[in-house]
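Okay everyone, thanks for coming.

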Amino acid sequence: MTENFRKLYAAAEGLRVYRAPGRVNLIGEHTDYNLGFVCPVALQLATYVAAAPSAGGKLRIHSEHHGETREFDAGAIAGLQPQQHWTDYPIGVAQQLVRAGFAIAPANLLIRSTVPEGSGLSSSAALEVSSALAFLNGRVLAPLELARLCQRAEREFVGMPCGIMDQYISVFGQENTAVEIDCRSLEHRDVRLPGGIAFMAVNTMVKHALAGSAYKERVAECAEAAARMQVASLRDATPEQVESAGLPDPVLRRARHVVTEDGRVERFIQAAARGDLAAMGKLLVESHRSLQHDYEVSCPELDFLVDAALGIPGVIGSRMTGGGFGGCTVTMLRPDAAVRFQTEIGRAYQKQFGVAPQIYECQPSTGAGEWKDVAAIPAAR
Ligand code: ADP
Ligand code: MG
């Protein structure tokens, strides 16, 4: 990465690298912006931002993935408007940092990522958090503030009304454990996963065009359900309340998904604690069905991957993960079934849709921070 940096910017004095991981959400989908519960894992797949101070007042940002460099006046970040471009993510973060009292110094940045883009593994939060650390360049911002600042950047500058999950887990991820986040109190606890299981994400390789607009529509439908029931958010409603509130369709089904999903997160964690793999797997599938039929954010490719996975020996459960309308599924399976699973799911998907799905092992990894081993940054995916 240093070589690339030199090629792009001629010099690399003072170069530092910051890493922030993507994530896979095991269960608790579309609950974060309803201030409920989620249970993600930070991945080894991550975004790396290399940054070095520059002379001349410019902030330059290069994305290896996009093969493109953009230049901004470091002193004029506060007044910039979104461009509907990938730089909205780092610039949105820079603008929030300025508002929080952190001046943005002239610098050259190089972005490398192993998180597949737009695949539900949160390349966006990985980019936001790694960029924020690069802009801070050693200045301290409390971890929770870092996550919240990056969420504000995505909501206010990028224009996506996201919850806190992605930024939170990218900051607070831990090796060997999943993390349960209470999206209202913003507290979390470790979720020790039982032995004898592995998680794999399978990428449909599609992102349907309505993903962004449907996400906003779901956020609005949930707000409508909460308003009709006179609760602050769906976090405060019980399944019984939702069923008896006289909500119109499809608002009823949207609310039903959210409140039952919150329940599934709790039951999943309890099942994990007692090592009840079958119960964990069943909850994953119930979550998928709820997202498929009540929340209606799945798509034929995701449904196919889930159904195909459930027919492969050693698979314990499977569901779509992330916002939906494409992206990835997450599958829980016995580790000794992993090779066969990859072969069979790959073959089946290729036969059905004519594309080979990418498959990623979901080994829980550590959250964001400076990456000292500059020589050992993985090659871009
Ligand atoms: P997800 O977070 O699930 O990957 P999003 O649609 O939320 O999907 O975010 C994807 C967007 O984030 C991309 O379209 C791009 O604008 C930006 N992005 C992510 N990774 C990179 C990268 N390495 N370089 C430039 N932009 C990136
Ligand atoms: Mg995202």
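Start with serine 124: one of its polar side-chain atoms is 2.9 Å from an oxygen atom of ligand 1. Keep in mind that what you see is a predicted model. Next to look at is serine 123, where a polar side-chain atom comes to 2.6 Å from an oxygen of ligand 1. With glycine 120 it's the backbone that takes part: a polar backbone atom there is 3.0 Å from a ligand 1 oxygen.

So how much of ligand 1 does the protein cover? On its own, ligand 1 has 570 Å² of accessible area, and the protein covers 84% of that.

Now, who's around it? The shell around ligand 1 has 17 residues, and the closest are Ser63, Gly118, Ser123, Ser124 and Lys207. Sorted by class, that's nine polar, six nonpolar and two charged. Which element gives the most to this shell? That would be H3, with three residues. H3 spans 123-136, and strand S5, at 107-113, also supplies at least two.

Okay, zoom out a bit. Ligand 1 takes up space in the largest pocket, and that pocket holds about 1000 Å³. Its lining counts 45 residues, with Tyr89, Gly118, Ser124, Glu154 and Lys207 nearest the centre. Several elements give two or more residues to that lining, among them S5, H3, helix H2 (88-99) and strand S10 (326-333). By class, the lining of the largest pocket divides into 22 polar, 15 nonpolar and eight charged residues.

Technical notes. Residues numbered from 1 in each chain as written. Chains lettered and ligands numbered in written order. Predicted model: local features only at pLDDT ≥ 70, side-chain atom pairs only at ≥ 80, totals over all residues. Heavy atoms only, no water. Near = heavy atom within 4 Å. Polar contact = N/O pair within 3.5 Å; in protein donor to acceptor, adjacent residues only side chain to side chain. Areas by Shrake-Rupley, 256 points an atom, 1.4 Å probe, with all protein chains shown as cover. 1 Å grid on protein atoms, 1.4 Å probe; cavity = no way out; pocket = protein on both sides within 12 Å on 5 of 7 lines; lining within 4 Å. Sits in = over half its atoms within 2 Å of the grid points. Helix = DSSP H or I, 4+ residues; strand = E, 2+ residues; numbered from the N terminus. Nonpolar A, V, L, I, M, F, W, Y, C, P; charged D, E, K, R; others polar. Points joined across faces, edges and corners; volume = space filled by probe spheres on them.
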